[in-house]
Amino acid sequence: LSAKGVYQIQTEDQYRNFINSHPDKLVVIKFFATYCKACRALEPKFLAVKDDKQLVGLPIVWGEYAFNKDNKDFFQQLSVLALPSVHFYDGSRAALVENFPCGPGKIRVLKKKLARFVNSRVDPDTYKLLPAVDQQQQSSKVPNQQQTRETIPTESPAEEEEQLAGEQEPRVTRRIVDNELITAEHFDFLRNKLPFFSDMPEADFDTLLDKAKLLTFNAGDIIIRQGLPGTTFFVMKSGVAEMSVRSRKYDDPSSSAGSDYLGAVINELKKFDYFGERALTTGEPYAASVRVLDKVRCFAFNVDDIPQSCILSRERQATDDFIQYLDQRYAYPRLQKKTDRESEDGPLKQKKDAWAPVTPTGDAQVWSTSPATSAAAPYPVAREEESVLELLIHFRRIRQASKFFAYIIQSEPIWGDKGEIARRTMLVRKLPKSQKQEFLQVFDMVD
């Protein structure tokens, strides 16, 4: 135990003994590396959370496990996908409950997860761990409503939503059409910028929109769960959610993962991100779980309502290449073996966007993983499907080029003016990498 009140873990045996020796505690372990800048930046913030006065007297123990070249395989077995990462364990069952990357910019997420973790497992009157059965009952209440006496105050929704029964039921269900919450921006994205819908005939799109729903979920709600039948395609309207995937190791009942463990967090979903498309395309169960971090509203499209003109229709059969591409987005990241380029004191470092859909940590050091592609990127398809997606993406760019050209004519820019050149260059430089690439492609079409 260090002077800061954090247990120092150095070996596999120490790791296991640390968890097993605290059956009456909730166990929090930070995984870090001494060379990692994000880990060093997280250190004071992590200690500030540990020392928060609201946690005084609660049955929580804190530990940290430093990475080195000898324990890389063991970190992989523990599904540590980025540094720094944090694990929550229920000591009463020695069970893993949460596994998420946690850079210094994710302290708010750490606090919210910790509040839920404690409130679902600690008796607010005795400050002792609840029995396993009571934990399940308490856990089901936490996202729905605040307890009469909370162990830790949580951030409650600004408004009370209508509550519907069922683990995965939304709090509120609304129609999309004639809904004051839906703006022209949302309609434009669904119609023109979402690859799956932009090639649909207008009549089919209008029919689909008329049947679609706008669902509201509160923090902690599970929108979809890995392994359950896939029946709905979701598009985020607002809020933040996280995508988690369980590895084969943790599907083993003999492993340390609890039954409520959703898997390692591999992606953070925000406005206009989407999920569930793989299940609809393949007819297989959901390949990941999605849980709400901040209150989410999302568009929901049931597979029975999707017309044949859409590539997500169950009446169409995806090619093997297309399915393989979909698999990459939901694949469980795996560590690569050491290469000549790997440093002696840590894993092979990659750039922030080295693996996608979205780097889950923002500011954490991501492990070297199998390549994947951005969630917002158009899907590549096999040759048989080129007419479906490649053409619709091309047509979308033609429409953008047409609008671009009309704007040029209307604004009458002064070609060669140094001031205007500097202004246009500045605007282009502010674009994200993906948008900048698309801008250049459209510009070439206009040119």
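Author: Let's start with rings: those of Phe, Tyr and Trp (its six-membered ring) pair if their centres lie within 6.5 Å, and planes under 30 degrees apart count as stacked, over 60 as edge-to-face and the rest as tilted. By this rule the count here comes to 21 aromatic pairs. Keep in mind that this is a predicted model, where local features need pLDDT of at least 70, side-chain atom pairs count only at pLDDT 80 or more, and totals for chains, interfaces and linings use all residues. Residues are numbered from 1 along each chain as its sequence is written, and side-chain values use heavy atoms, with hydrogens and water left out.

Reader: How do you know whether Phe 88 is buried or exposed?

Author: Buried means under 20% relative accessible area, exposed over 50%, partly exposed in between (1.4 Å probe, protein chains only). Phe 88 has 0% relative accessibility, so it counts as buried. Phe 100, at 2%, therefore counts as buried too.

Reader: What sits over the ring of Phe 100?

Author: The charged end of Lys 113, 5.0 Å from the ring centre. The rule asks for NZ of Lys or CZ of Arg within 6 Å of the ring centre and within 35 degrees of the ring normal. Likewise, Lys 30 has its charged end over the ring of Phe 32, 5.1 Å from the centre.

Reader: What makes helix α4 largely enclosed?

Author: Ten of its 13 residues are buried, so the rest of the structure largely encloses α4. Among them are Ile 107, Leu 110, Lys 113 and Phe 117.

Reader: And how does the span of α4 agree with what it should be?

Author: The expected span is 1.5 Å times one less than the number of residues. For the 13 residues of α4 (residues 107-119) that gives 18 Å, and the end C-alpha atoms are 18 Å apart, which agrees.

Reader: How much of the whole protein is buried?

Author: Buried residues make up 49% of its 447 residues.

Key. Helix = DSSP H or I, 4+ residues; strand = E, 2+ residues; numbered from the N terminus.
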